[in-house]
Amino acid sequence: MEFKFVKSIDCQQGAVRAVRFSVDGAYCLTCGSNRRVKLWNPYTGSLLKTYSGHGDEVMDAQSSCDSGQIVSGGLDKSVILWDVATGTPTRRYRGHVAPVTAVRYNEESSMVVSGSRDNSVMCWDVRSRAQDPAQTLSDAKDSISSVKVSDHEILSSSFDCKIRRYDLRNGELLTDFIGEIVTCASFSRDGQCILVSCADGVVRLMDKETGELLGEYSGIPRNDLCLESSVDYHDMKIISGSTDGHLYVWELVSQKLLTKLSPDKQLRHPTVSISVHPQKNCILASNGMNIFMWENEKTDSE
């Protein structure tokens, strides 16, 4: 299975801090150091809308399940809900006392979860008019680097070298000590594993239920950047950004480094953010002012 470089888009919004596919994969969002969020058709490179309202760099964003809303968070400490069609902010949450680093909707897009450098994760009920968080999770002892949400869990990673999984059904907190600063944690496609990116340049695969270390994927230079990682669509490859700008791809089972993807140009910036298409093996990655796209050369039914 080979990935082919297919497109580069100059987003013209300063450094792109995050890139995110929409829920159906038809569109993508980019978050810029110029304080703006942009909505794209990544296949044509067409800019569809620009969302202006943050007072500082935008660090993360996500589309709602019906693609009618966007949530974003930034260094201005605020979480903003946007109406996609009009481009206007509909809600602005100011509960965090430090920059917001990560935002996610839950499955029904009835709740927004945000993580911050104030060491907290906050849950916001977007159906109510309340300006205060519905819940604040203050267990981390250092900055929150990522949040992910499944149908019944919130997964957060922190610079305190731990990942925390909040089981909303049972009201439980499960904590795993990784031993290295954690820059990103995410669920595998089947929901059985957790993929953890660390500042020592190693990506670790862990069994979600037992915390057992299943694999280590190395080769990325040690760094102090918040690099993101993900499994591919088929749960067969591990993909990570890197300080040298390449997209590293390992085989999940053998832990072998298969390739280092790069576009047909000189790389001068790190690749920090990646997003895998929800329905096929197509990858978006942010690199400096650009986003790059790779697609699987074979059919999606392989």
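Trainee: What volume does the largest pocket have?

Mentor: This is a predicted model, and the value is computed from it. The largest pocket has a volume of about 1200 Å³.

Trainee: Which residues are the closest to the centre of the largest pocket?

Mentor: The lining of the largest pocket holds 35 residues. Strands that give two or more of them include β6 (58-63), β10 (100-105) and β14 (144-149). The residues closest to the centre are Q62, R104, K148, V149 and R189.

Trainee: How many charged residues does the lining of the largest pocket have?

Mentor: By class, eleven lining residues of the largest pocket are nonpolar and 14 are polar. The charged residues number ten.

Trainee: Which element gives the most to the lining of the second largest pocket?

Mentor: The second largest pocket holds about 600 Å³ of space and is lined by 31 residues. At least two lining residues come from each of β2, β6, β10, β14, β18 and β26. With five residues, the element that gives the most is β14.

Trainee: Which residues lie nearest the centre of the second largest pocket?

Mentor: By class, its lining has 13 nonpolar, nine polar and nine charged residues. Nearest the centre of the second largest pocket lie R17, M59, L225, C226 and V272.

Trainee: Which elements give two or more residues to the largest nonpolar core?

Mentor: The largest nonpolar core has 13 residues, and L195, V203, L205, Y217, I238 and W250 touch the most other members. L195 has contacts that include V203, L205 and I238. The elements that give two or more residues to this core are β19 (193-198), β20 (203-207) and β24 (247-251).

Methods
Residues numbered from 1 in each chain as written. Predicted model: local features only at pLDDT ≥ 70, side-chain atom pairs only at ≥ 80, totals over all residues. Heavy atoms only, no water. 1 Å grid on protein atoms, 1.4 Å probe; cavity = no way out; pocket = protein on both sides within 12 Å on 5 of 7 lines; lining within 4 Å. Points joined across faces, edges and corners; volume = space filled by probe spheres on them. Helix = DSSP H or I, 4+ residues; strand = E, 2+ residues; numbered from the N terminus. Nonpolar A, V, L, I, M, F, W, Y, C, P; charged D, E, K, R; others polar. Core = buried A, V, L, I, M, F, W, Y, C linked by side-chain atoms within 4.5 Å. Buried < 20%, exposed > 50% of the residue type's maximum accessible area, 1.4 Å probe, protein only. Contact = heavy atoms within 4.5 Å. Lists of a residue's contacts leave out its neighbours within four places in sequence.
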